[in-house]
Amino acid sequence: MNPPLRLAINGATGRMGQALLDLLQHDSRFEVVAALTAPGVPQLGERAWQSPAAPCFQAGWPQDALDVVIDFSGPDGLASALDHCTPRGVALVSGTTGIDAALKARVAEASKRIALMHASNFSLGVAVLTRLLREAAAVLPDWDLEIVEAHHNRKTDAPSGTALSLGEAAAAARGSTLARDGVTGIREGARHAGSIGFAVVRGGDIVGEHIAMLIGAGERVELGHRATDRSIFARGAIEAACWLCRQAAGAYNLEAVLASRLTLRS
Ligand SMILES: NC(=O)C1=CN([C@@H]2O[C@H](COP(=O)(O)OP(=O)(O)OC[C@H]3O[C@@H](n4cnc5c(N)ncnc54)[C@H](OP(=O)(O)O)[C@@H]3O)[C@@H](O)[C@H]2O)C=CC1
Ligand SMILES: O=C(O)C1=N[C@H](C(=O)O)C[C@H](O)C1
């Protein structure tokens with residue numbers, strides 16, 4: 001049997017960090033070597049779960065060698081993970097959203113040296129939704145496309161990373177880009193033909209909902225996904241980490257993992 005993969009969680013005290021730790025306590029494929037969080041959080045020094053084998057929450061990267069890092073933190077946390085993983089050849093799975101063009105470029109640059117998967121959504125359902133939307137957007141090129149997303153009241157980035165990725169996939173299927181046709185924020189006046197609009201709802205404990213509306217004259221197609229439990233994202237990221245550790249340097253997406261595990265047919 002292979003020894004367990006040596007893993008660090010970045011953003012370990014957050015909502016996703018907790019969902020990951022809940023699953024990883026019982027996953028013999030991994031040894032959680034470090035549970036990293038931001039400096040100053042009250043949990044620093046506490047064990048990540050109730051076992052003497054659990055690491056304590058810490059604010060700096062460990063000296064120990066790692067096989068893989070799973071990062072669900074924020075833009076600063078992702079930048080720090082890139083700084084740690086790239087020179088050391090450590091694989092990196094990141095679900096952090098709300099990152100700007102400069103950080104996206106750093107992610108792309110790092111993937112020349114390490115195996116890296118950055119995905120705005122690690123759920124199987126959203127992977128399928130993306131496929132369906134690509135197809136619908138291509139066969140209905142003249143229909144108006146609006147993407148509505150809803151999340152909990154603690155979410156800081158908007159539109160969500162998933163909404164933007166869905167928009168990018170649809171735009172690409174129509175031979176366009178979000179930079180050209182995406183429209184966010186409050187809109188006034190008539191709709192521009194070909195634009196892809198985004199609407200954002202924030203409230204309560206909504207885990208994550210995305211609805212893509214393709215609106216024609218006298219009819220409308222709606223494709224949507226509702227997450228009701230964060231463990232779906234955590235499970236996807238854990239499977240990705242396991243898979244990524246066997247890959248050469250490069251930028252990978254979740255579809256590659258799903259194709260190898262579930263043989264999703266095109
Ligand atoms: N791709 C996907 O499938 C999913 C992506 N996400 C994304 O993951 C990210 C985290 O989401 P969520 O868990 O809900 O957010 P939380 O705010 O609950 O958790 C983020 C955690 O990261 C910590 N953190 C902040 N800065 C750093 C740093 N520099 N180094 C290490 N840790 C840091 C935070 O500490 P502190 O609280 O002190 O700031 C917090 O504990 C978001 O970008 C979100 O959009 C979420 C769900 C699914
Ligand atoms: O912050 C969240 O919670 C989520 N963020 C991701 C995003 O921005 O798309 C994925 C998921 O919807 C939950």
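In which sense do strand 2 and strand 3 pair, and over how many bridges? The first legend answers this for the predicted model.

**View 1. Pairing of strand 2 with strand 3.** Strand 2 covers residues 30-36. Two bridges join strand 2 to strand 3, and the sense is parallel. Ala-35 faces Phe-57 of strand 3 across this pairing.

**View 2. Contact between domain 1 and domain 2.** Domain 1 takes in 5-118 + 230-262, and domain 2 spans 124-227. Their C-alpha centres are 27 Å apart. Eight residues from domain 1 and eight residues from domain 2 make the contact. On the domain 1 side, helix 7 and helix 8 (254-262) are the elements that give two or more residues. Helix 8 gives the most, with three residues. By class, this side of domain 1 has three nonpolar, three polar and two charged residues.

**View 3. The surroundings of ligand 2.** Thr-97, Ser-120, Asn-121 and His-151 are among the residues around ligand 2. Lys-155, Ser-160, Gly-161, Thr-162 and Gly-208 also belong to this shell. Eight residues of the shell are polar and one is charged. The shell has no nonpolar residues.

Terms used:
Residues are numbered from 1 along each chain as its sequence is written. Chains are lettered from A and ligands numbered from 1 in the order in which they are written. This is a predicted model: local features need pLDDT of at least 70, side-chain atom pairs count only at pLDDT 80 or more; totals for chains, interfaces and linings use all residues. A residue is near a molecule or strand if its C-beta atom, placed from the backbone, lies within 6 Å of it. Ala, Val, Leu, Ile, Met, Phe, Trp, Tyr, Cys and Pro count as nonpolar, Asp, Glu, Lys and Arg as charged, and the others, Gly among them, as polar. Two strands pair if DSSP finds at least two bridges between them. Helices (H or I, at least four residues) and strands (E, at least two) are DSSP runs, numbered from the N terminus. Domain bounds come from an automatic or database domain assignment. Two residues are in contact if their C-beta atoms, placed from the backbone, lie within 7 Å.
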